[in-house]
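This report describes side-chain contacts in one protein model.

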Amino acid sequence: MNLPKDPIMLYSYINTQLRDNYSSLSEFAASVGADEKEITDILADAGFRYDSEGNRFVQS
């Protein structure tokens, strides 16, 4: 699957997917064939971190 390249669009897309369809970032990444570390690195560079308790990315 092609994920959005723009970090803000990626943030929005992944948070929507996590909220509606997946119980964790690991589950999402495995389902779409994405690299979890690459996602977290891209979003970290944009000022976001994964909150596992809330199952969403939040501003750092």
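Tyrosine 11 is partly exposed at 24% relative accessibility, where buried means under 20% relative accessible area, exposed over 50% and partly exposed in between (1.4 Å probe, protein chains only). The model is predicted, so local features need pLDDT of at least 70 and side-chain atom pairs pLDDT 80 or more, while totals for chains, interfaces and linings use all residues. Residues are numbered from 1 along each chain as its sequence is written, and side-chain values use heavy atoms, without hydrogens and water.

The whole structure holds four aromatic pairs. Rings of Phe, Tyr and Trp (its six-membered ring) pair if their centres lie within 6.5 Å; planes under 30 degrees apart are stacked, over 60 edge-to-face and the rest tilted. The rings of tyrosine 11 and phenylalanine 48 are stacked because their centres are 4.0 Å apart and their planes at 15 degrees. Phenylalanine 48 is buried, at 6% relative accessible area. For tyrosine 50 and phenylalanine 57, the centres are 5.3 Å apart and the planes at 55 degrees, so this pair is tilted. Ring pairs also join Tyr13, Tyr22 and Phe28 into a cluster.

Two salt bridges are counted, each a side-chain nitrogen of Lys or Arg within 4 Å of a carboxyl oxygen of Asp or Glu.

| Salt bridge | Closest N and O atoms |
|---|---|
| Aspartate 20 and arginine 19 | 2.8 Å |
| Aspartate 41 and lysine 37 | 2.8 Å |

Arginine 19 is exposed at 61% relative accessibility, whereas aspartate 20 is partly exposed at 47%. Lysine 37 is exposed at 55% relative accessible area, and aspartate 41 is partly exposed at 36% relative accessibility.
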